[in-house]
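Biologist: Hi, could you walk me through this one? I'd like to start with the helices.

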Amino acid sequence: MIQDTFGRVHDYLRISLTDNCNLRCFYCMPEEKYAFAPAAKLMQVHEIETLAKLFVAQGVKKIRLTGGEPLVRKDAPKIIEALGKLDVELAITTNGIRLHEMLPELLAANIRAINISLDTLQPDKFLKITRRDLYHRVRSNIELLLHHNIRVKINVVVMKDLNENEILDFIALTKHNNIEIRFIEFMPFAGNKWSSNQVFTLHEILSQIATKYDALPVSPEANDTSKRYMIPGHVGSFAVISTMSAPFCDTCNRMRLTADGKLKNCLFSKSETDLLGALRNGQEVLPLIHESIQSKAKALGGQFSGVFENIDTSTLENRSMITIGG
């Protein structure tokens, strides 16, 4: 197994397939003229498969494909097919734009849980956030997934003065649909112009929901990153990922492999371990994995703790979200 010095067993691997995306969300990829990594620097299909098999042999039980937008890779079907043959739960996080094109491959790989990033239910605001007029395609593809009985979670990054007034609208979606809405506190990354006064906290989210609904807490599952709730009479549910106001690091079991083959032991870790370089040079990769996890900080990459209002983003050392993998 892969275990850190705090006794946390790491059995969940998130693999970013690309830093490319067909949307331009400002909190993820601030600049329109972003320079994407050249294909030669990205993990190739056989390299992703080789590294994934190594992690699975060390006890990884779940792999999630992320990006960028994972489905913009031309060889995404081959990657999904290869990983679908492993003895592991395979999932994906996507913006939903290309789901209708890729659904046969996803079903063939036995992917039955898909997270979709969608921060607004208003087409004009979707255009403002993503700089692309594709809202209706995303909504159509959510309906397509539900029709095929795929478990759908919608990831909503909540920001003050942007979309906090839509929280109840998202909750309304759970009335008749088996969807989990996951409200995510806005987090700081390189270039996303984060400030503490944009964070809409767990307490504020629950307070707003309480104005209309009686939400009941749901018992957490092992290694949950979210605090989950149900509303009597609703088919679906909701959850809050409270990274900033109430972190959940004590039970973390996650590792992140960037599209260029760097292992991050935490979303906020300063250091990275080059697995792809080692693999291409014929070096042993397994010791590097264990060394990386052994060096994992107790919480939040060791970069900040306590009151999030006091975070000085100028001192943080990290990538942009799109180059880490969502």
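Modeller: Happy to. The face of α1 turned away from its buried side carries the exposed residues H46 and A57. Exposed is over 50% relative accessible area, buried under 20%, partly exposed in between (1.4 Å probe, protein chains only). Helices (H or I, at least four residues) and strands (E, at least two) are DSSP runs, numbered from the N terminus.

Biologist: What kind of model is this, and how are residues numbered?

Modeller: This is a predicted model, where local features need pLDDT of at least 70, side-chain atom pairs count only at pLDDT 80 or more, and totals for chains, interfaces and linings use all residues. Residues are numbered from 1 along each chain as its sequence is written, and side-chain values use heavy atoms, leaving out hydrogens and water.

Biologist: Which residues of α1 are buried?

Modeller: E47, I48, L51, A52 and F55 are. They sit on the same side of α1, because they cover an arc of only 130° around the axis (taken from the directions from the helix axis to the C-beta atoms).

Biologist: And in α2, which ones are buried?

Modeller: In α2 (residues 76–84), A76, I79, I80, A82 and L83 are buried. Their arc is only 165°, so they too lie on the same side of α2.

Biologist: What do they pack against?

Modeller: The buried residues of α2 pack against β1 (12–16), α1 (45–57), β2 (62–66), β3 (89–94) and α3 (99–108). Contact here means heavy atoms within 4.5 Å.

Biologist: Switching topic, what does I63 touch?

Modeller: Leaving aside neighbours within four places in sequence, I63 contacts residues including L13, I15, A52 and L83.
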